[in-house]
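The sequence and the structure are shown first.

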Protein chains: 2
Amino acid sequence: MLNIHSRISKICSCLLMALLSTVQLTKAQTALHQYVDPRIGSEGLGRVFIGPSYPFGMVKPSPDCTPRPNSGWLPDPAPVTGFGQVHVSGTGGGPKYGNILIMPFKGSLTGTDHSSMRQDEKMALGYYSVLLKKHNIKTEITTAEKASFYKFTYPRNAAKALAIDAGFFLGEQPVPDSREAQQFVGSEIEVVSETEVRGYSRIRGGWNNGAAYTVFFDAVFDQPIKNFSTWKGTKFFPGIKQQFDSGQKTGVLLAFKNGSTDTVNVKVGISFVSEGKAKDNIDQEIPHWSFEKTLAQLQNSWNNLLSRIEIDKDATLDQKKMFYTGLYHTMLMPVNRTHENPLWSGDEPYYDDFYAIWDTFRSSNPLITLISPKRQTEIVNALLNIYKHDGYMPDARSGNYNGRTQGGSNAEVLIADAYAKGLTGINYSLALDAMLKDATVPPGGLEEKEGRGGLPEYNKLGYVPYHIPRAGNRTTDYAYEDYCIAMVAKGLGKNSVYQRFIKQADNWRNLWRDDYTQHGAKGFIMPKDSAGHWLDTIPYGISVNQHPTFTYTPLSREYPWYVCHWCGFFYEATSWEYSLSIPHQIPALVEKSGGKEAFKQRLDTLFDKKFYNVDNEPSFLTPCLYHWIGRPDLSTRRIRQIVTESFNTTSNGLPGNDDSGAMSSWLAFQMMGFYPNAGQSYYLLNSPMLKHVTLHQENGKDFTITAKNLSDKNMYIKSAKLNGKDYNQSWIEHANIVNGGQLLFEMTDKPTNWGTQILPPGKN
Amino acid sequence: MLNIHSRISKICSCLLMALLSTVQLTKAQTALHQYVDPRIGSEGLGRVFIGPSYPFGMVKPSPDCTPRPNSGWLPDPAPVTGFGQVHVSGTGGGPKYGNILIMPFKGSLTGTDHSSMRQDEKMALGYYSVLLKKHNIKTEITTAEKASFYKFTYPRNAAKALAIDAGFFLGEQPVPDSREAQQFVGSEIEVVSETEVRGYSRIRGGWNNGAAYTVFFDAVFDQPIKNFSTWKGTKFFPGIKQQFDSGQKTGVLLAFKNGSTDTVNVKVGISFVSEGKAKDNIDQEIPHWSFEKTLAQLQNSWNNLLSRIEIDKDATLDQKKMFYTGLYHTMLMPVNRTHENPLWSGDEPYYDDFYAIWDTFRSSNPLITLISPKRQTEIVNALLNIYKHDGYMPDARSGNYNGRTQGGSNAEVLIADAYAKGLTGINYSLALDAMLKDATVPPGGLEEKEGRGGLPEYNKLGYVPYHIPRAGNRTTDYAYEDYCIAMVAKGLGKNSVYQRFIKQADNWRNLWRDDYTQHGAKGFIMPKDSAGHWLDTIPYGISVNQHPTFTYTPLSREYPWYVCHWCGFFYEATSWEYSLSIPHQIPALVEKSGGKEAFKQRLDTLFDKKFYNVDNEPSFLTPCLYHWIGRPDLSTRRIRQIVTESFNTTSNGLPGNDDSGAMSSWLAFQMMGFYPNAGQSYYLLNSPMLKHVTLHQENGKDFTITAKNLSDKNMYIKSAKLNGKDYNQSWIEHANIVNGGQLLFEMTDKPTNWGTQILPPGKN
């Protein structure tokens with residue numbers, strides 16, 4: 001809600017929209033936020049953020065537990081070190097953020113570490129609470145977009161104290177300049193008054209090996225302090241108000257006055273611009289001391305978004321939890337940092353923590369596009385703004401710094417997706433420039449940061465030769481992104497650009513080794529050197545003295561000790577997976593695999609022999625590939641199998657890193673019964689897992705999907721009607737949804753002829 | 001002195017050195033700083049900084065005059081807008097810095113612009129004063145390294161007021177993202193107490209199109225304020241203490257209490273890290289209110305350095321002023337920002353404002369190496385630190401951001417120079433890595449920022465083909481830098497690296513067009529396309545509709561309207577100049593020009609027809625080239641002619657942009673009678689312009705040059721003795737100087753045989 005309100009003040013035409021949203025919210029009386037369970041996917045590989053957050057919210061307070069994992073939180077038993085204000089959700093690799101740690105304790109002002117074991121941990125959307133056992137202090141947390149709110153309840157008559165640590169962060173390693181480790185740069189702390197402390201933390205590195213970012217804060221208390229002790233390094237300075245930045249860690253211990261209350265409320269404003277802005281963020285967002293009001297506003301904000309997709313009231317509680325938690329996870333990131341950009345100023349949207357678009361382009365961004373095309377427009381415009389000022393769109397970005405790249409330059413897919421789906425308010429001419437920058441200007445030594453690594457070779461040879469890291473998926477990804485460029489260029493009437501890139505869209509064929517078979521499957525993306533020779537045994541890395549080789553097969557995952565784990569032929573997957581990742585030319589892929597029957601066998605082998613990897617993004621579209629051989633029933637079976645086996649409502653309910661909601665949005669789409677081919681204008685239709693889904697769209701038009709007679713047994717589509725007319729194709733255009741309407745499925749217990757004749761799009 | 005003191009605390013072995021320095025200072029009783037005239041080169045093209053500054057000092061306060069030129073200052077009549085704290089010296093292109101403007105005025109607290117005309121302007125080393133006529137306020141300025149000191153004397157009983165503008169900067173342009181224009185990002189201001197104000201200014205862009213940098217400040221007053229009015233944008237807020245950063249310009253007007261004094265002293269601490277650090281910089285450097293003491297410390301610091309080169313006591317006042325002002329200009333930049341780095345922390349040296357090494361490598365850095373090898377070692381180590389953290393050494397760097405490149409990757413010359421001259425305390429293995437990064441990893445789309453543009457083509461073809469900007473000087477510069485790499489690699493025993501790069505050192509020959517003659521000169525560096533064809537008429541730029549060409553000749557300077565002025569074949573010079581810029585293979589150059597006599601003719605034509613450009617660096621070595629044909633007498637004549645015609649002690653006393661002391665150091669070397677071939681271990685010996693020069697070296701050993709019988713007429717060397725032995729070669733090794741000794745010239749009025757037989761080094 002807050003977000004929409006801020007828009008109103010700017011653009012009058014938004015007023016109607018805001019009113020519409022409010023109406024929708026009133027209509028959806030069920031408080032959908034209650035179905036969100038932040039614990040889902042918090043353990044195991046999921047690594048979701050468990051604390052309170054606004055949709056796309058900049059501030060994400062959470063307990064930070066030893067030994068400081070990616071999301072900050074760890075399951076019990078693990079001590080809580082304190083509560084940091086900035087986190088990311090679902091990430092792998094070296095941690096990022098975890099800044100400005102606060103921790104309540106009782107007693108005298110000594111020591112910087114007040115870690116505690118915990119009990120009674122509670123998590124709900126927008127709310128976290130825990131009892132810190134060491135001193136029996138209850139901590140409750142909620143948040144606004146740029147300021148968090150803490151309520152500490154101390155034992156009666158305890159000496160109430162609080163530590164604020166401006167030197168804390170996740171992923172610290174003792175070795176300077178360790179790869180992917182966050183590194184301390186500096187910090188400052190200042191006691192401003194008896195109810196205010198401010199300062200900052202400056203950190204560099206982390207997963208994207210980024211430049212230094214600064215998290216400024218301003219903390220205000222509803223109880224006055226009676227005394228304090230600042231620290232720098234290992235030394236304490238009782239009563240000294242300020243510790244300036246000398247490249248050492250600083251913080252402060254505060255003792256609150258004894259008073260009538262055992263409760264201390266603390267608001268922590270955060271800014272990436274300045275301490276003054278951090279203070280203003282508190283003043284703007286929480287100009288009161290009501291924890292409940294802050295929480296209620298946050299819940300409203302989420303309910304407004306969650307209610308845009310209404311599902312069957314009779315769905316099971318587990319289904320509701322899985323679905324709405326999926327939407328919730330999808331909208332935690334990227335984060336809206338408009339007016340919080342220390343690099344350039346202006347009112348244009350600025351978003352950070354694209355982490356990574358390689359993960360999110362497939363399902364997260366398409367889901368955001370459905371829920372709020374205006375938000376997705378902002379996100380795309382933020383990417384274009386970054387291109388304008390930093391030179392390249394990011395594939396990932398965090399801490400105001402592009403990096404890393406994992407495969408292609410996937411921001412291009414977001415642009416093609418926006419263009420194909422008719423998002424307005426985007427300068428597509430500028431967007432094409434940004435795409436062409438990726439596709440024509442090599443990033444030089446910064447190929448791990450942005451742009452396309454191996455571009456000169458790709459543009460010369462039509463493929464990335466083996467000696468360049470990730471040659472396999474770089475080639476397939478670039479080919480798809482070249483298709484994306486071609487489509488946008490075509491739409492803009494740039495014919496020569498279209499001609500060049502539609503040709504390059506075929507480049508995956510240059511690494512397709514037709515005669516290679518394995519486990520009955522024919523044709524794989526395989527390594528080739530720059531002279532054009534296929535490589536059966538491959539040299540790994542560059543070494544003067546040793547020239548070890550070993551056999552490369554489509555199942556190879558091995559990397560020898562002396563090359564980096566991201567330097568193999570594929571990033572985080574095998575050729576079995578990536579050879580099926582040709583999203584623009586699936587009919588050609590079917591043909592190259594030996595025709596429909598051979599392709600079916602190939603898919604069956606992939607799933608049955610578990611060559612499919614449920615826990616990572618490269619295979620997200622794969623279960624739907626049966627559609628292209630006229631067997632949506634088989635897609636449905638595979639999808640249900642995956643969901644049943646790998647997704648649930650427990651803390652281990654996500655099979656892989658959630659990656660800013662990538663996993664979660666995949667699930668949400670599959671539950672609704674359709675799935676996007678990101679970058680293109682259509683969705684594949686599958687059997688829904690919900691009897692009823694209504695998309696209350698931002699344009700005011702509803703689109704409804706009803707699955708008549710759906711049951712565990714009746715999992716196959718017998719027939720379909722779109723707006724009352726027979727609909728026999730297993731895919732639907734985005735425009736059909738945007739225009740509003742009804743899609744009605746009749747379900748049955750056996751595979752039928754539905755969707756077997758008219759096959760989904762794709763170039764041969 | 002302060003700088004040396006800080007070293008003592010770290011390294012005990014420095015103690016002896018510091019004592020030695022103090023002894024030297026005491027020995028040189030003449031206050032050499034009195035010979036420094038900051039006005040020399042301040043008008044016309046010189047653009048030197050005219051305010052007070054420590055050697056390599058971070059803070060450089062100066063009047064900023066409308067319309068805000070590069071150094072801030074303009075000659076009268078031009079209004080003084082105020083006094084900014086950070087400036088650069090001698091630069092061209094878009095301005096940088098000019099941050100945190102303060103301006104005294106009298107009367108009520110209204111308006112942000114208190115510009116005034118001036119009179120009685122005085123400039124001396126470390127001191128500036130002026131009467132601001134509008135309100136008759138005398139302003140005096142001196143400075144410490146990181147904090148400036150102002151003394152404002154108001155008319156008796158005036159309502160004393162001061163404006164502090166955190167939004168001011170040089171080079172503002174109304175168009176967003178204008179090339180080379182500084183752009184406003186944000187600012188903040190806060191009245192801390194009745195004697196303290198702090199805040200910051202965040203700016204991006206400028207000449208190097210850099211990312212945002214932040215100048216934090218803390219200002220303290222010796223008189224309390226009675227009231228104030230902060231501003232943001234165009235609105236004033238009387239009595240409101242803080243204006244947070246909302247991307248608008250902020251500032252404050254202060255009214256001082258009426259008291260017994262008409263004087264207000266203001267100290268402005270500056271930091272690139274934080275406001276707290278800015279405050280600490282005041283506390284550390286000026287823990288008192290004595291303007292005189294601050295000024296005296298600054299003078300001492302300079303005298304310590306200036307006295308390391310003692311010249312003939314009987315030299316004319318003009319000679320003394322030209323020489324010592326030359327040394328002074330040479331040591332204004334780069335600036336020491338150790339412990340002021342917002343990008344990474346640590347005690348390693350950090351320097352900024354390399355502006356640009358393309359300008360300074362030829363004479364400024366070699367002169368610093370002679371005066372203080374320890375300082376030059378710090379500068380080289382700062383470059384290596386930047387390489388380690390930012391990926392490339394800069395060719396230029398300002399505002400904590402690499403860029404731009406003008407020709408080669410000239411930091412490599414600094415490394416080769418340090419290696420050749422035996423500087424210790426540098427990790428040369430790391431340095432070779434840094435050089436190889438430049439020479440092997442293309443900077444991609446960031447070729448204007450760092451690294452070598454056109455590198456893939458250069459490494460493939462052996463030259464940069466015409467279609468790439470600055471193909472001509474990139475080729476000659478890269479060839480020389482490849483020679484530098486080869487020399488360091490050879491010294492480190494890296495034979496394969498040596499073999500590759502010593503071969504590449506010949507690459508200038510690939511653009512040498514043997515059969516091309518003009519004005520009697522044979523052979524020129526000429527444009528060639530990637531297919532290997534010489535281009536007589538050249539297409540400029542890339543245009544779909546127009547294909548204009550025009551004749552390219554060695555005198556061409558023209559660039560058509562549709563390409564950028566730095567996109568021609570050479571940067572800021574013609575082929576006449578650059579064809580002589582082959583500093584490692586001058587014997588080969590002589591031969592390719594048709595032999596000694598032809599080469600003499602060529603040089604004569606260059607100078608007589610004024611194809612030589614006195615106002616820019618590419619020709620710095622050229623007057624000495626006569627040495628290689630055994631005619632040092634002709635070098636001497638040309639050098640004297642240049643000095644007489646183009647250098648003097650007036651405000652127009654420098655013929656071109658001083659470029660961080662490049663022009664000035666060229667002059668200082670020529671006055672002493674020797675000149676470096678930067679990157680190599682020797683100096684060319686010329687006739688001195690001073691009868692006596694003593695280098696009091698940091699190692700404690702003196703080296704003396706005496707020119708017996710020197711007069712205006714007796715300008716030729718008749719004979720020379722080094723340490724008492726006949727010395728007939730016209731060049732001397734750095735080691736000869738470092739070891740201490742005496743070089744004695746006998747001068748005469750006619751050219752002699754001296755230096756005609758043994759020619760200076762250089763590969764054929």
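In chain B, H10(B) crosses H12(B) in a left-handed manner, a crossing being left-handed if the near helix is turned anticlockwise from the far one by less than a right angle, and right-handed if clockwise. The model is predicted: local features need pLDDT of at least 70, side-chain atom pairs count only at pLDDT 80 or more, and totals for chains, interfaces and linings use all residues. Residues are numbered from 1 along each chain as its sequence is written, while chains are lettered from A and ligands numbered from 1 in the order in which they are written.

Helices (H or I, at least four residues) and strands (E, at least two) are DSSP runs, numbered from the N terminus. Axes are lines fitted to C-alpha atoms, for helices over the stretch in contact, with angles from 0 to 180 degrees between N-to-C directions.

| Helix pair | Axis angle | Axis distance |
|---|---|---|
| H10(B) and H12(B) | roughly 150 degrees | within 10 Å |
| H9(B) and H12(B) | about 35 degrees | 9 Å |

The axes of H10(B) and H12(B) cross at roughly 150 degrees. That angle makes H10(B) roughly antiparallel to H12(B) (under 35 degrees counts as roughly parallel, over 145 as roughly antiparallel, 65 to 115 as roughly perpendicular and the rest as oblique). Residues are in contact if their C-beta atoms, placed from the backbone, lie within 7 Å. On the H10(B) side the contact includes B:Leu432 and B:Met435, and on the H12(B) side B:Ile485 and B:Val488. The crossing of H9(B) and H12(B) is also left-handed, and among the residues that meet there are B:Ile415 and B:Tyr419 of H9(B) and B:Ile485 and B:Val488 of H12(B).

The contact between the chains takes 33 residues from chain A and 33 residues from chain B. On the side of chain A that touches chain B, S9(A) gives the largest share, five residues.

Elsewhere in chain A, eight of the eight residues of H7(A) (364–371) are buried, so this helix is largely enclosed by the rest of the structure. Buried means that 20 or more other C-beta atoms lie within 10 Å of a residue's own, exposed 12 or fewer, and partly exposed in between, with C-beta atoms placed from the backbone.

In chain B, three strands form an open antiparallel sheet in the order S26-S27-S32, strands being paired if DSSP finds at least two bridges between them. Three bridges join S26(B) to S27(B), and B:Pro676 has B:Tyr683 as its bridge partner.

Methods:
Contact = placed C-beta atoms within 7 Å.
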